[in-house]
Amino acid sequence: MPRPEIHMITFTVDGREVRAPENAMLVDAAKLGDVEIPVFCYEPKLGQPVGACRMCLVEIEGIPKLQTGCSTPVKDGMVVITQSERVKEAQEAIVEFLLVNHPLDCPVCDKGGECPLQDISFGWGGGRSRFIEPKRHFEKPLALSPLIAIDRERCILCYRCVRFSQEISEDYQLILAERSADTYVSTFDGHPYVAPFSGNIIELCPVGALTSQPYRFRARPWDIEGAGSVCTLCPAQCNVELTVRDERVLRVLARQHPGVDDGWLCDKGRFAYQSVHVDERITRPMVREGGELRPVSWERALDEAAGALGRAGAQSAVLAGGGATNEEGYLLQRLAREAVGTPHVDSRAGGGPGRELAAALGAPALQATVPDLEHAHAVLVLETEPVDDMPIVDLRIRKGVRRNRVRLAVATPRPSSLDRNADVSVRYAPGCGEAFVAALSAMLGGEGKNVDELASSAGTTVEALRGVTGVLRGVEVGEGATGSDEAGPRDIVILWGERLTQGRRGAAAARGLLNVAARLRLGGREGAGLLEVPVAANGRGLREAGVLHDAGPGLSEPPHGEMAAIDGLELPDGLARGDLTTLLLWDAEVDAATLAAAGTVIAHAAFLTDALRAHATVVLPAESYAEKEGTVTHPDGRVQRLRPAIGRQGGVRPGWQVLADLMARVGATQDPADPGAGDPRVLTGPMASRQLFEAVPVYAGLTLEELGGRGVRWPAREQAAAWPRADAGPFGLEVPPGPVKANGDLRLGTFRSIWAGPEVGHSPALRFLVPKPRVEMAPADAQRRNVTQGDHVTVGHNGAALHATVVLRDAVPRGTVFVETDALRAGPVDVRKAPPRAGPPAPDPAEAPS
Amino acid sequence: MSTTTASNGERAQPILFRGIDEEGLHTLEVYRRRGGYDSLKRVLDAMSPADVLAELQASGLRGRGGAGFQMGKKVSFMPAGQMDKYLICNADESEPGTFKDRELMQKSPHMLIEGMIIAAYAAGANRAFIYIRGEYQAQADILDAALVEAQAEGLVGERILDSDFELTLVVHRGAGAYICGEETGLLDSLEGKRGNPRLKPPFPANQGLYQGPTLINNVETLATVPHIIRMGGAEYAKVGTETSTGTKLVSVSGNVQRPGNYEVELGTPSREIIYGLAGGPPEGRTVKLWFPGGSSAPVLTGDDLDVPYDFDALAKAGSMLGSGAIIVVDDSVPVVAVALKLAKFYKHESCGKCTPCREGTRWTVSMLERVDNGLATPMDLDIMASVQEQIIGNCLCVLGDAMAMPIGSMVAKFRDEFEAHIEAARTRNPFGDEQPSPDPVLVQGAAA
Ligand SMILES: Cc1cc2nc3c(=O)[nH]c(=O)nc-3n(C[C@H](O)[C@H](O)[C@H](O)COP(=O)(O)O)c2cc1C
Ligand code: SF4
Ligand code: SF4
Ligand code: SF4
Ligand code: FES
């Protein structure tokens with residue numbers, strides 16, 4: 001549904017003429033005239049107003065009763081009065097009513113000092129109470145969940161938290177129990193409120209009824225400072241405000257960016273700040289001595305690292321990942337290409353399509369924005385589970401479906417939490433995304449004869465495909481959508497997971513996706529396009545900074561000419577063959593076997609994994625995002641600025657500085673005659689940013705000031721014309737290899753839960769959510785193998801095997817199992833009952849929803 | 001129940017209660033023998049929805065559920081166009097003192113069903129529900145049985161009486177909440193949600209059940225529809241007064257000798273109903289106060305007995321006709337007891353969604369308990385009066401007003417008695433050890 005048009009009207013509030021968008025709610029319209037109408041329950045983020053608290057009563061000329069300003073749309077010529085005796089009386093009455101049962105334990109209340117109830121009582125209340133009866137009592141405080149405490153006496157029953165659970169995150173867990181003054185917020189049967197977005201209710205609560213367990217009693221508003229930055233724990237890159245007291249991050253709040261996060265955060269983003277301050281964090285450089293990693297000085301660590309890289313030269317490989325900034329990416333590829341002299345640079349451990357195709361997929365004319373998801377005619381979610389891969393986008397999709405009737409198609413191997421909201425959900429075999437997009441493209445192109453074959457090689461059906469094209473083309477599902485698009489192009493957004501284009505056939509899958517986009521005529525269409533969900537939090541930015549084996553900054557031709565570069569996917573082979581000996585990992589993770597194969601491993605990391613502990617030669621401490629400065633690029637092309645909220649912990653140094661030092665050192669070893677040879681001349685973070693902006697043509701002319709707190713979407717800038725031209729299909733597509741027929745007749749699909757990642761495991765408050773290894777399977781498949789819910793099994797695959805607990809899910813297609821792992825790749829797999837282990841099995845943590 | 005129609009001394013014909021006690025009237029056979037479903041047949045054979053609407057408008061029929069809104073006007077608000085549209089019969093009848101719908105449904109279920117089909121036809125609705133209060137189990141069973149008969153005879157369902165008109169009808173039982181009689185609370189409840197009132201606008205006619213256009217009327221309103229068709233709207237409008245047309249079922253209860261339902265022509269003097277029909281208070285007692293339109297109506301006193309019983313005269317007297325339930329309180333009953341009982345009802349039934357009602361009802365109960373126990377002063381009566389004023393007009397729905405108006409009127413009209421009550425109770429309870437019990441801890445929470 002296209003965005004509504006806005007008409008401006010003129011109305012009068014307290015005697016002032018004010019211009020406002022027609023049908024804006026009075027409380028918002030009044031603000032434009034600098035008139036504040038107090039509210040408690042009104043929160044436009046939550047959808048339709050409910051009119052519960054009655055705090056916003058105002059007088060409107062011509063209407064006898066007072067009206068709620070939060071639910072009255074402003075009209076041309078309306079005359080609104082907020083200062084009359086009548087309004088004042090009503091406001092004082094509501095404040096008095098709200099306070100009669102309120103404990104007013106402000107001195108021990110976390111909300112004190114930043115409490116709307118305090119502010120409104122002060123600003124609009126009568127300042128006295130006539131209430132002498134006993135107040136309502138509840139047991140308090142209670143744990144609503146391990147993350148949230150609830151004090152029901154302080155609750156003013158504004159409905160915000162319940163509406164969030166019911167209508168925003170749609171986890172349907174919070175309800176109001178009982179009625180009248182006995183009403184209270186609860187889950188249905190008192191179970192803990194555990195959900196991916198639960199923490200938002202703390203921020204929504206206008207009083208101290210819902211407080212953060214980790215933040216409780218840690219600080220007062222006058223003790224703290226707010227620092228705006230960007231969360232880099234996933235590609236959603238939500239805008240956050242870090243609450244800092246004495247150089248410690250104590251809390252993370254949303255910083256409300258409609259173009260990015262819509263003002264929400266997931267619980268990972270909200271609570272994983274704890275990992276910044278835990279003892280397990282690496283805060284000093286380390287070098288392996290006598291078989292063990294030992295803390296050393298920076299000089300020593302840098303010398304060792306530079307020495308190793310310099311010696312290995314073209315036998316070194318550099319892999320970046322995670323939340324590494326654009327600046328770090330840029331300097332990293334310079335380090336590799338200019339100083340070390342190796343072409344083996346990548347930011348995609350799983351590989352991906354080459355430069356041309358990457359450029360076509362990232363072409364500015366083909367990029368959808370996050371808000372497009374909410375206003376599109378149709379959205380296709382392809383090979384990604386938003387709530388796990390880019391959580392905040394899950395809420396945006398739900399919003400579009402619920403409020404704007406966006407039609408939703410979901411195409412994934414694993415059952416999706418969006419299935420319930422989708423007009424059509426189709427499953428295809430894990431690892432067969434390429435065949436699926438080829439089939440979809442054939443369907444859209446009306447290539448009937450191909451469709452059958454492609455559908456079956458994707459492990460799906462023609463009917464399923466027809467359902468998807470029906471949703472995309474706006475034909476009623478079941479009405480037999482044809483390949484034609486008589487109705488003309490529509491605003492369609494394809495939200496696709498980078499996993500689709502990983503692997504050896506990534507290029508073919510990319511071509512398929514580009515074909516689909518071309519056939520839907522998404523290119524150059526406002527409100528339509530592709531939106532990628534990269535694997536790494538700054539996946540897009542790192543590519544644009546030039547951290548690709550076949551492309552330099554801005555996806556330019558790489559400087560190393562004919563030298564064939566080894567990409568992330570081939571890295572293990574390169575090491576095994578001996579073509580590579582030395583590995584520099586910059587916030588990137590690879591498996592233990594790969595590390596073991598490298599002679600020298602230099603890792604820039606925040607936490608030691610078992611693999612690093614066993615195989616790293618040099619470890620350089622990495623900044624947390626709370627300490628970083630620089631830029632990252634959102635999947636929709638928005639360049640966003642990180643600002644340090646706290647000083648770096650322990651001996652941590654800025655990433656750009658470490659890289660500059662390494663370059664200088666390696667340069668010096670390469671050319672003893674010129675000691676300054678390798679010096680990149682980066683003396684400050686902003687200098688690194690400036691170099692980046694100069695090097696990446698589509699970032700040209702950006703400044704940190706311009707990025708400010710909101711970022712800039714480069715595809716919307718003039719300079720976007722500098723993006724390399726690339727062919728965007730249609731391409732001729734081949735029929736890809738069909739779904740693997742396993743001997744054990746089970747296929748393995750993998751996924752990564754929102755709760756994966758070291759920051760979750762290292763945050764005490766979140767640790768309970770770290771998923772236990774589990775294998776999801778269809779009940780019928782389980783029955784045939786004589787295993788059932790909760791059984792311990794081994795999931796075997798090409799000799800590799802892992803232990804997991806069986807989780808039965810009706811929605812899992814037969815013949816497929818899903819395991820949360822990065823260790824195994826899609827393929828045939830065997831599930832066997834594990835031999836009984838000693839002792840009782842560890843209890844499952846609170847069912848981690850996914 | 002005995003049924004009589006009275007009009008300014010003359011007797012007029014009953015309309016709804018004509019032969020209501022006839023054996024077997026609840027069966028289709030008897031109902032039809034007496035001319036039942038003839039109106040429906042006439043409508044489907046010879047009238048367009050617009051014709052029906054015109055008759056309803058000519059009849060001047062005002063809603064019998066409480067607000068007294070013209071039914072024809074409400075039907076006319078239903079938007080045109082092809083979509084699911086709904087008709088809901090509000091049979092929640094939870095207003096204290098009101099029990100007229102019960103008798104209608106129990107004795108003549110087909111009258112309601114016929115009225116609903118005709119109303120649905122006029123409103124263009126294709127789906128209808130009877131939302132009946134949970135406690136009316138027997139009446140729900142009777143309605144269900146009648147519905148089965150009607151369906152078997154092709155009166156409900158597809159192609160009703162071989163016309164193109166189609167209507168599904170479902171009887172849905174509530175779960176025991178007064179607030180679910182409020183039309184938007186009813187909608188949420190019917191949708192399977194917690195029964196909380198919604199903000200209006202949007203009004204149900206535009207966005208009601210499942211966001212579709214919805215017409216909601218009271219049982220009595222809908223049961224009157226076949227009679228309007230039979231008599232003709234203009235003829236019906238001749239009964240009653242100019243602005244309160246027709247007859248009204250009045251439930252009379254409290255301190256009267258012959259409590260029950262009476263059908264009266266609107267405009268009948270109230271004294272005629274309370275004394276003439278219901279026999280007045282027992283020998284030797286006088287009317288202290290009376291609620292003319294259910295417990296939500298501001299009270300009137302013995303001085304107001306000559307007010308004509310119709311919408312406008314009662315409004316002019318400072319009260320309302322409401323649901324048409326007269327509760328009589330004689331001089332043997334302390335006004336404080338009446339107020340406390342009433343306030344407790346509303347406190348219990350408040351849905352708790354909006355602040356003034358949720359907190360105001362609880363506060364009022366606490367204050368009245370103190371008044372009753374002698375722990376109050378006359379100043380508390382001022383606070384109580386002011387709290388009622390703070391509630392009135394400031395709530396999301398009118399449940400809050402429904403307590404505040406009668407309580408406010410009692411405090412205003414019987415201030416002396418309240419003060420005397422406080423004095424007497426204080427003498428009885430000088431040390432305040434007869435304490436109103438504070439609320440216990442309400443819930444033991446979830447995980448500790
Ligand atoms: C708290 C509350 C309870 C109500 N209960 C009933 C009820 O039980 N039955 C009823 O017909 N109307 C009830 N109403 C009135 C309805 O909201 C609505 O006005 C009525 O059903 C409309 O029908 P009518 O136009 O035929 O009167 C109630 C209103 C309120 C505010
Ligand atoms: S919620 Fe606000 S008003 Fe209530 S105790 Fe806390 S700080 Fe005070
Ligand atoms: S807990 Fe907070 S957000 Fe929830 S209803 Fe109460 S006051 Fe509102
Ligand atoms: S007035 Fe009372 S019943 Fe009506 S919405 Fe408000 S709290 Fe609920
Ligand atoms: S803000 Fe308007 S009713 Fe709560």
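The radius of gyration is taken over C-alpha atoms, and the globule rule is 2.2 Å times the number of residues to the power 0.38. With 448 residues, a compact globule would have a radius of gyration near 22 Å, and chain B agrees at 23 Å.

This is a predicted model: local features need pLDDT of at least 70, side-chain atom pairs count only at pLDDT 80 or more, and totals for chains, interfaces and linings use all residues. Residues are numbered from 1 along each chain as its sequence is written, while chains are lettered from A and ligands numbered from 1 in the order in which they are written.

## Chain B

The C-alpha atoms of chain B fill a box of roughly 75 × 65 × 35 Å along the principal axes. Its secondary structure comes to 17 helices and eleven strands. Helices (H or I, at least four residues) and strands (E, at least two) are DSSP runs, numbered from the N terminus. Of the 448 residues, 56% count as buried. Buried means 20 or more other C-beta atoms within 10 Å of the residue's own, exposed means 12 or fewer, and partly exposed lies in between; C-beta atoms are placed from the backbone.

Contact means that two C-beta atoms, placed from the backbone, lie within 7 Å. Of the contacts in chain B with a separation of 6 or more, 71% join residues 24 or more positions apart.

Chain B is divided into domain 1 (28-237), domain 2 (247-327) and domain 3 (335-428). These bounds come from an automatic or database domain assignment. The C-alpha centres of domain 2 and domain 3 of chain B are 23 Å apart. Eight residues of domain 2 of chain B are in contact with nine of domain 3 of chain B. The domain 2 side of that contact has five nonpolar, three polar and no charged residues. Here Ala, Val, Leu, Ile, Met, Phe, Trp, Tyr, Cys and Pro count as nonpolar, Asp, Glu, Lys and Arg as charged, and the others, Gly among them, as polar.

Two cis peptide bonds follow one another. One joins B:Lys200 and B:Pro201, with omega about -10°. Another joins B:Pro201 and B:Pro202, with omega about 0°. B:Pro201 is in the loop between helix H8 (183-190) and E4 of chain B, and B:Pro202 is in the loop between H8 and E4 of chain B.

## The A–B interface

33 residues of chain B are in contact with 40 residues of chain A. On chain B, helix H13 (335-349), helix H14 (355-373) and helix H15 (378-391) each supply at least two residues to this side. H14(B) gives the most, with nine residues. By class, the chain B side divides into 14 nonpolar, twelve polar and seven charged residues.

## Ligand shells

A residue is near a ligand if its C-beta atom, placed from the backbone, lies within 6 Å of it. Ligand 1 is surrounded by 24 residues, and B:Gly63, B:Gly65, B:Gly181, B:Asn218 and B:Thr221 are the closest. Strand E4 (214-218) and helix H16 (399-413) of chain B each give two or more residues. E4(B) has the largest share, three residues. Domain 1 and domain 3 of chain B each contribute at least three residues to the shell around ligand 1. By class, that shell has nine nonpolar, nine polar and six charged residues.

Ligand 3 has 14 residues around it; A:Cys155, A:Cys158, A:Cys161, A:Cys205 and A:Ala209 come nearest. Its shell divides into 13 nonpolar, no polar and one charged.

## Chain A strands

Strands pair if DSSP finds at least two bridges between them. Strand E12 (239-245) and strand E13 (248-254) of chain A pair in the antiparallel sense over six bridges. A:Glu241 has A:Leu253 as its bridge partner in E13(A). E12(A) and E13(A) form a hairpin with two residues between them, and A:Asp246 in the turn has a positive phi of about 45°.

An open antiparallel sheet of three strands has the order E26-E27-E28 in chain A. Strand E26 (630-633) and strand E28 (712-713) are its edges, each pairing on one side only. Strand E27 (638-642) and E28(A) pair over two bridges, and A:Val639 has A:Val712 as its bridge partner.

## Single residues

A:Leu395 is found in helix H12 (391-404) of chain A. Beyond its neighbours within four places in sequence, A:Leu395 is in contact with A:Ile168, A:Ser169, A:Phe197, A:Asp262 and A:Trp264.

Most residues other than glycine have a negative phi. A:Arg405 and B:Asp162 have positive values, as tabulated.

A:Leu395 is buried because 27 other C-beta atoms lie within 10 Å. A:Arg405 is exposed, with 10 such atoms within 10 Å, and B:Asp162 is exposed, with 9.
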